[in-house]
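Please read the following report with the sequence and the model side by side.

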Amino acid sequence: MNYLYDFHMHTKHSDGVATVAEMCAESYRRGMKRIGFTDHAYEIRPDGTEPFGIKGAELDAYIDDVYEQKEIYRGKMEILCGFELENQSGFDYITKAQAKKFDYTIGSTHSMIKNGEGFELDYGEDRFTRLVRDHFDGDYLKLARDYYEYESHVVERTHCQIIGHFDLITKYNQGKKLYDDDAPEYKEAALSCMEKLLKEDVLFEINTGAMARGNRKEPYPSRFLLEELCKRGGRITLNSDSHSTENICFAFEDALKLAWECGFRQIYTVKKDGFEELNIADI
């Protein structure tokens with residue numbers, strides 16, 4: 001497979017294990033054409049634990065690192081400076097000067113706030129199941145309704161170009177072990193959210209990160225949601241959400257096969273000044 005792009009990568013500046021330079025070197029070794037970094041924006045975790053992500057001088061250091069690699073690989077591999085923004089935080093901790101340095105952003109919902117209460121969604125299965133037990137009466141479909149309503153505002157709050165892992169709440173639900181994501185109530189909530197987001201000029205990512213970490217056997221979004229997204233004219237990009245060099249472009253061949261089976265014939269990549277369309281058959 002000749003896939004030469006990956007636009008969701010993390011480094012030691014947030015929760016990755018490799019440096020920007022190491023991720024660039026591995027991408028170049030693989031013959032990649034264009035890549036993008038998206039370390040995490042600062043987030044005050046709703047449960048009061050240690051804040052997560054980067055801001056201020058740490059954010060400046062991340063931007064400087066990416067721009068240094070832009071120059072090193074100029075003419076050989078294009079490097080974009082992105083940022084993964086949290087739905088609940090938006091741009092609250094980013095200066096105008098910093099924002100001007102971003103070539104694009106990803107908008108994601110790792111946690112949510114409802115009626116003044118904060119809920120973490122992506123910090124382990126045990127924590128996730130306790131959340132549903134303690135705050136949603138053990139009803140996963142009630143959580144799904146609230147999550148997708150919250151997710152429907154992610155573009156409005158972050159002004160992102162890419163929607164990150166749309167159905168993140170299925171991360172720990174492989175084999176429907178926690179709830180039935182084929183239930184009509186679940187599908188209704190997810191599709192209502194999708195319809196709202198489709199009014200925006202954004203890409204939905206096919207994200208293979210949970211596959212790399214052993215939580216899922218297929219990427220986000222689910223096959224059903226990808227089929228519905230295709231029917232509605234949604235546009236997709238393909239990202240690894242890699243936190244290490246070995247997971248760059250993880251399972252992209254499987255993800256592209258899934259996209260094709262769901263009806264997609266084009267995929268989009270991010271450019272400094274917009275999106276670029278590629279035919280899947282040519283990849």
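Predicted model: local features only at pLDDT ≥ 70, side-chain atom pairs only at ≥ 80, totals over all residues.

Residues are numbered from 1 along each chain as its sequence is written, and side-chain values use heavy atoms, with hydrogens and water left out.

**Strands and their pairing**

Helices (H or I, at least four residues) and strands (E, at least two) are DSSP runs, numbered from the N terminus, and two strands pair if DSSP finds at least two bridges between them. On these terms, seven strands form an open sheet with parallel pairing, in the order S1-S2-S3-S4-S7-S8-S9. Its edge strands are S1 (5-6) and S9, each of which pairs on one side only.

Within the sheet, strand S3 (residues 78-86) and strand S4 (residues 104-108) are parallel and share five bridges, with Tyr104 in S4 as the bridge partner of Gly82. Strand S8 (residues 203-207) runs parallel to S9 and is joined to S9 by four bridges; Asn239 in S9 is the bridge partner of Asn207. Although S9 is an edge strand, both faces of S9 (residues 236-239) are covered, with Ile236 and Leu238 buried on one side and Thr237 and Asn239 buried on the other. Here buried means under 20% relative accessible area, exposed means over 50%, and partly exposed lies in between (1.4 Å probe, protein chains only).

An antiparallel pairing is found between strand S10 (residues 266-271) and strand S11 (residues 274-279), which share six bridges. S10 and S11 form a hairpin with two residues between them, and Glu277 in S11 is the bridge partner of Tyr268.

**Helix H5**

The expected span of a helix is 1.5 Å times one less than its number of residues. For the twelve residues of helix H5 (residues 140-151) this gives 16 Å, which agrees with the 16 Å between its end C-alpha atoms. H5 is mostly covered, since nine of its twelve residues are buried, among them Tyr140, Leu143, Asp146 and Glu151. At the N-terminal end, Asp139 caps H5 through a side-chain oxygen that lies 3.0 Å from the backbone nitrogen of Leu141.

**Aromatic rings and charges**

Rings of Phe, Tyr and Trp (its six-membered ring) pair if their centres lie within 6.5 Å, and planes under 30 degrees apart count as stacked, over 60 as edge-to-face and the rest as tilted. The structure holds 14 aromatic pairs, including the two tabulated here.

| Pair | Centre to centre | Angle between planes | Class |
|---|---|---|---|
| Tyr5 and Phe7 | 6.1 Å | 25 degrees | stacked |
| Tyr179 and Tyr186 | 5.9 Å | 40 degrees | tilted |

Both Tyr5 and Phe7 are buried. Tyr179 counts as buried at 7% relative accessibility, and Tyr186 is likewise buried, with a relative accessible area of 3%. Tyr179 and Tyr186 belong to one aromatic cluster together with Phe128, Tyr140, Tyr147, Tyr148, Phe166, Tyr172 and Phe204.

A charge sits over a ring if NZ of Lys or CZ of Arg is within 6 Å of the ring centre and within 35 degrees of the ring normal. The charged end of Lys101 sits in this way over the ring of Tyr67, 4.8 Å from its centre, while that of Lys187 sits over the ring of Phe224, 4.3 Å from its centre.

Arg34 lies in strand S2 (residues 34-37) and is buried, with a relative accessible area of 5%. A polar contact is a pair of N or O atoms within 3.5 Å; within protein, one must be able to donate a hydrogen and the other to accept it, and residues adjacent in sequence count only if both atoms are side-chain atoms. The side chain of Arg34 makes such a contact with the side chain of Thr269 (3.0 Å), and a polar contact of 3.0 Å also joins the side chains of Arg34 and Glu276. Contact in general means heavy atoms within 4.5 Å; not counting residues up to four places away in sequence, the residues that Arg34 touches include Tyr5, Phe7, Met77 and Glu78.

Tyr28, in helix H1 (residues 20-29), is partly exposed, with a relative accessible area of 38%. Tyr28 and Glu78 are 50 residues apart in sequence, and their C-alpha atoms are 9.8 Å apart in space.
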